[in-house]
Amino acid sequence: VVKMTSTLKGITLKGSAELVAEFFSFGINSILYQRGIYPPETFGRVTHYDMSLQLTTDPKLKNYLTDVVSQLKEWLFECTVQRLVLVITCLETNDVLERWQFDIECDKSAKESSAPREKSIKTIQDEIRSVIRQITATVTFLPLLETPCAFDLLVYTDKDLVVPEKWEESGPQIITQSEEVRLRSFTTSIHKVNSMVAYKRSDSM
Amino acid sequence: RMDLEDDTTILTTLKSFNSFISQSEPPRGAILTAPPTLQSQYKRSFELLEAAEKVQSKTRFLQLDQEKKQMELSHKKARLELEKAASDSARDLEVPTALKQKIEDLEAERQRLEQLNGELEMRLEKHTLQGDFDPAKTRLLHFKMNPTAVAKQQRQQEVDSLQEEVTRLRELVRVVQESGAQDESSVLGLSLSLPPSKEVLELRKQKESSELKNQRLKEVFQKKIQEFRTVCYVLTGYQIDITTANQYRLTSVYAEHMDDSLLFKKGSSGSMQLMETEFSKTLGEMVSLHLHHQKSIPAFLSAVTLDLFSKQTVV
C-alpha cells in the first residue's frame, strides 16, 4: 500500500501517514510480545523492515489494533494527532506500571502542498528499524511485570477534533513515581515521532 | 545682635549730641545774665566737631561693617553655591557607579532567571515525558472497548458472582444455624446434602468414566493373557506360570505327573537359570548336554518334550 502512494522521489502526506501507522502497528505488537502482556504462543513471526517481528494472532486483539490503527492513520493524514501512548496497567492494583509514549510532530504545511518530500522510504524504514530494535532492547532494564496486566492505547489529539463514535475521553493515566527514558526518534519529514518509555520505579511497587 | 548693639551705640551718641546742643541754648532768663565767652564758644564748637566726627566715624565703621557682612554673606552664598555645584558634580560622577551596580544586579537577576528557566524547562520535559498535556490545546481519547476496560469488566463480573455466592452461602449457614443444628455432625450432614459444586460433579463424572475404562482394559487384558497362554501351551507344549517375581514354572503337556515341573529364575542381567526341582533331578544328562554344554534352553526344553512324548507314546 505504501509503495502505491509514495513515489521513488519522495514521500507524500498520505504515504507518511501510512508509514507511521504501520510503525505503530508493529511497535505495539513488539511491546505486547516483549512485555508478555499476551502469551508468546498467540504471536506469529513475520519479516518486515528487514527484521523478524512478532504479530498477534489473537482475533480480539487483532480487531482492536486494526480499529485503533486505522483511526490513527486518518488522524495522521489530517495532522490532528499529537501523541500515542501504550499504557500497561496492573489488574490487581489498577496501578499504571508502564507508559510507552510516542510524541508526533506533524508538519501541517504538508496539507497545503501535495509535492512529495525528498526522503526515501528506505531511509525512513531504516530509522524505524532502529526504534523497534531499541524497544526490544529495553527489556533488559525494565522491571519484570509479575502480575497480570492489561494495556490501553491513548491518543492525544487537537482540541477541535470530533470524537468518533467508538471513542471517548480518557485521563492521561500517569505513573506515580516513575523513571523516564527517551528512545530514538524517526521522521518521514512530514511526521516526526519521538519515542520514550516511563515505568514505575521498582522500589515504589 | 551686633546690629542692635550698633544701633544702640548710634542712638546713645545721637542722644548725647542732642543733649549737648540743648544745653548750649541759654535758658530764657539766663541769656543776658551770663553771656558766653569766645573761648568757651570755641571750646564748645571744637567739642561739637569732635562729637560729629565721632558719629561720622562710627557711621563709617557701621557702613564698613555692613559691607563686610554683605561680602561675607555673598561669600557664604557663593560657597554654598560652589558646594552645591560640587555636590551636584559629585553626584554626576556617582552615576556611572550606580549604573555599574545596576548592571551587576541585572546580571545576577538574569543568571537567576536563566537557571530558573532551565529548571522549568527540565520540569516541563519531565512532565511531557510523564504524559502531561495542556487541556486547552489537546484532547485525550481512547477506544471505549480497550483491552484494559474489557479485562477490568471481566474481573468485576468475577468479583460480583463470587460475592453473590458468598451471600448465598452465608444465608445457608444462617439457616442451618437457626434450624438448631448444634452439633457438628448434623451440620456436616446437612452440608453434605448441599448440591455439589459444578467442579465436583465434573470430577465425579471423570472418575466414573475412567474407572469404566480401566475395567474394560482389565477385561481385555485378561482375555488376551489367557489367549496368549493357551497359544503358548498349544504351540510349545509348556504351560508357563509365574510363581513369584522373576520365577517361572514350566509344566509340559506330556508330564507324567501333575507336579513334574521345571523352575527357571531370571537373573538381573536377564539370563535364565534352571532351579533344582524333583523333576529336574531326573534330567541330569539333558541338563549337562543342552544347558551346560550347548547353553540352549530351547534345545533343553525340546529334548525334555521329546523324551516325555516318547515315554507317553510307548505306553
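Two strands count as paired if DSSP finds at least two bridges between them. Helices (H or I, at least four residues) and strands (E, at least two) are DSSP runs, numbered from the N terminus. This is a predicted model, in which local features need pLDDT of at least 70 and side-chain atom pairs count only at pLDDT 80 or more, while totals for chains, interfaces and linings use all residues. Residues are numbered from 1 along each chain as its sequence is written, chains are lettered from A and ligands numbered from 1 in the order in which they are written, and side-chain values use heavy atoms, with hydrogens and water left out.

Chain B first. Its secondary structure comes to eight helices and five strands, and the elements follow the order α-α-β-α-α-α-β-β-β-β-α-α-α from the N terminus on. Strand β3 (residues 247–252) of chain B is joined by five bridges to strand β4 (residues 261–266) of chain B, and the two run antiparallel. Within this pair, Leu250(B) stands opposite Leu262(B) in β4(B). Four bridges then connect β4(B) with strand β5 (residues 272–275) of chain B, again antiparallel. Here Lys265(B) has Gln273(B) in β5(B) as its bridge partner. The hairpin of β4(B) and β5(B) has five residues between the strands, and Gly270(B) takes a positive phi near 100° in it.

Leu262(B) is also touched by Ser280(B), as are Leu274(B), Met275(B) and Val287(B), not counting residues up to four places away in sequence; contact means heavy atoms within 4.5 Å. Ser280(B) has its place in helix α6 (residues 278–281) of chain B. Its relative accessibility is 7%, so Ser280(B) counts as buried (buried means under 20% relative accessible area, exposed over 50%, partly exposed in between, with a 1.4 Å probe and protein chains only). Tyr233(B), in helix α5 (residues 198–236) of chain B, is partly exposed, with a relative accessible area of 31%.

Chain A has four helices and eight strands. Strands of both chains meet in one open sheet of seven, in the order β6(A)-β1(B)-β5(A)-β3(A)-β4(A)-β8(A)-β7(A), with antiparallel pairing. β6 (167–169) and β7 (178–187) of chain A stand at the edges with a single partner strand each, so one side of each has no neighbour in the sheet. From one strand to the next the twist averages 25°; axes are lines fitted to C-alpha atoms, for helices over the stretch in contact, and angles run from 0 to 180 degrees between N-to-C directions. Inside the sheet, seven bridges join β3 (residues 81–90) of chain A to β4 (residues 96–106) of chain A, and Leu86(A) has Trp100(A) in β4(A) as its bridge partner.

Two helices belong to this picture. Helix α2 (residues 13–34) of chain A lies across β3, β4, β5 (149–158), β7 and β8 (191–200) of chain A, and runs at about 20° to β8(A). Helix α3 (residues 147–178) of chain B packs on the sheet and touches β3 and β5 of chain A, its direction making about 140° with that of β5(A).

The chain totals complete the account. Buried residues make up 52% of the 205 residues in chain A and 15% of the 315 residues in chain B. Of the contacts with a separation of 6 or more, residues 24 or more positions apart account for 71% in chain A and 31% in chain B.
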